[in-house]
Amino acid sequence: MSSPKMIQRHTRAGIFIHWFNAACWFFLLFTGLALIQNPELNPLGAWYPKAVRAVFGGGANLLVAHWLVALIWLAVWVVYLFWGMSRFVAPFLNSTFSLEPNRDIQWMIKKNLQMTLGYKMMAKLVKPLGYDGHLPPQEYYNAGQKLAAQGIIMGALVLIGTGFIMLFSKYFFSAADTWLVQWSMTVHFIAAGVTTALLMVHIYMAAISKEERPAFISMFTGTVPAEYAKHHHQLWYEELEEK
Amino acid sequence: MAKQLGMVVDAGLCIDCKGCMAACKVANEVPGDNWRNWIKSGDMDWQAKKRGRMVFQPGNCMQCDKPTCVSACPTGATYKSKADGVVVIDRGLCIGCGQCIKACPYGARFRNEKLKVADKCDFCSSRRAVGLEPACVSTCPTKARAFGDLNDPASPAGKLMAQSKDKATQVVNAQSNTDPNIYYLGDAGLKSWPVKAQMPGAFEFWKNLADPAVKVVVGLTGLGVLAMLGKQLMLKNDAPPPEEHGEEGGHE
């Protein structure tokens, strides 16, 4: 296959927002982790906040850097959401939040079995039960991607909400309302943890596993080989064929 | 021994003039209804046969050795200074969540009405920076408060500590002894007022449930991803089943 037929998967705007998003999430995750400094909580040990605060010149600067990047991140997103609402955002939400239970539950189970067991083991163990080794056809996003996207979108909304409560605490909150700030810190931590777990899976699937390599490359070039689309996102491919 | 700034108070000398409270408020620009220090007075014992006597107990943040306020701060915005043992607040890092306020058995902390961050006595850090004693100590007309390094016999407080080690008492709640660094000479007066240190519910939930749960979820996900990576590296030729279209290798 010297020059396989390529089809468009991502727009330039989509590629930009993806990597911008990735950079901000990384920054916010690692600065956020360093904002926790308490022997009973320290997720990575006491050395971590100490080292990062040394780089930023103290905890107060680190806090400013954290919410400054968070605000820039959010501002860019707001612009993107308004500017691309009909073109990118609505279709993205439409497709990520539409699961077809029968097809997608099957896909999730089979895909996970196949990834854990490998194709050979899968053939040996599961074939006798009547499974032919094929996964139900998927749309532009597969069921795993949809679920991850839903989790990350909801996690992001929780992070934004609790983040603003913490940011505004010093400016608009009375002493009687600080219970809300206290719970925001706890919930912010939980949401960051859950989204981090989802993003670890996302990064593995996209950047490390071999099967999704073409999808990873497309996050730079914008295009995937038609063959890849046909096998991994058959319903999307067929839709494109019809057009 | 490490430097530990503290106070040795002779409650018997206090006449409840509130000079320390006024001086503190001015020196530290403490706003509105907020106060960094106090004078506690017990009930007069009218039943006693001998002449009734009221003991006034001046106090402020005790700069505890085991500060529960520090334990309740998730960011380390409040911490015990290694240099002089004073519990300080980084106003830039503090977001005013108020967890430390609830955790203090002495009610020594408050949310500064103006700055909306945690505030409390820091033994007048700005006055000490220019070589002055804390305002409450300087202004006390009866010299009820002695200030200095408790471990240095050359300081006013250290001298009293060295002289009367056995007689000096701490005012503590037995259920949560934070080992405070304000000592009282003789009869300290009212002793039952400190409350049991209480961690806020959100912090307890974070520490006992959210923290371990998130660590397990992220840890297991990490292990899962690593296991997949290991499998990927070891089982190089695990090919997908041939497609119906008869084109193999499409998954490479």
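In chain B, 58% of the contacts between residues at least 6 apart in sequence join residues at least 24 apart. This is a predicted model.

**Chain B: content and extent**

- Chain B holds 7 helices and 9 strands.
- The C-alpha trace of chain B spans about 105 × 45 × 40 Å along its principal axes.
- The radius of gyration of chain B is 28 Å, whereas a compact globule of 252 residues would have one near 18 Å.
- Of the 252 residues in chain B, 48% count as buried.

**Chain A: how α6 and α7 are arranged**

- Helix α6 of chain A covers residues 143-172, and helix α7 of chain A covers residues 178-208.
- The two helices pack at an angle of about 150 degrees, and their axes lie 8 Å apart.
- Angles over 145 degrees count as roughly antiparallel, so α6(A) is roughly antiparallel to α7(A).
- The crossing in which α6(A) passes α7(A) is left-handed.

**Chain A: the α6–α7 contact**

- On the α6(A) side, contact residues include A:Ala148, A:Gly151, A:Ile152, A:Gly155, A:Ala156, A:Val158 and A:Leu159.
- Further along α6(A), A:Thr162, A:Gly163, A:Ile165, A:Met166 and A:Ser169 also take part.
- From α7(A), the contributors include A:Leu180, A:Val181, A:Ser184, A:Met185, A:Val187 and A:His188.
- A:Ala191, A:Ala192, A:Thr195, A:Leu198 and A:Leu199 of α7(A) join the contact too.
- By class, the contact of α6(A) with α7(A) has 15 nonpolar and 8 polar residues, with no charged ones.

Notes. Residues are numbered from 1 along each chain as its sequence is written. Chains are lettered from A and ligands numbered from 1 in the order in which they are written. This is a predicted model: local features need pLDDT of at least 70, side-chain atom pairs count only at pLDDT 80 or more; totals for chains, interfaces and linings use all residues. Side-chain values use heavy atoms; hydrogens and water are left out. Axes are lines fitted to C-alpha atoms, for helices over the stretch in contact, and angles run from 0 to 180 degrees between N-to-C directions. Helices (H or I, at least four residues) and strands (E, at least two) are DSSP runs, numbered from the N terminus. Angles under 35 degrees count as roughly parallel, over 145 as roughly antiparallel, 65 to 115 as roughly perpendicular and the rest as oblique. A crossing is left-handed if the near helix is turned anticlockwise from the far one by less than a right angle, and right-handed if clockwise. Contact means heavy atoms within 4.5 Å. Ala, Val, Leu, Ile, Met, Phe, Trp, Tyr, Cys and Pro count as nonpolar, Asp, Glu, Lys and Arg as charged, and the others, Gly among them, as polar. The radius of gyration is taken over C-alpha atoms; the globule rule is 2.2 Å times the number of residues to the power 0.38. Buried means under 20% relative accessible area, exposed over 50%, partly exposed in between (1.4 Å probe, protein chains only).
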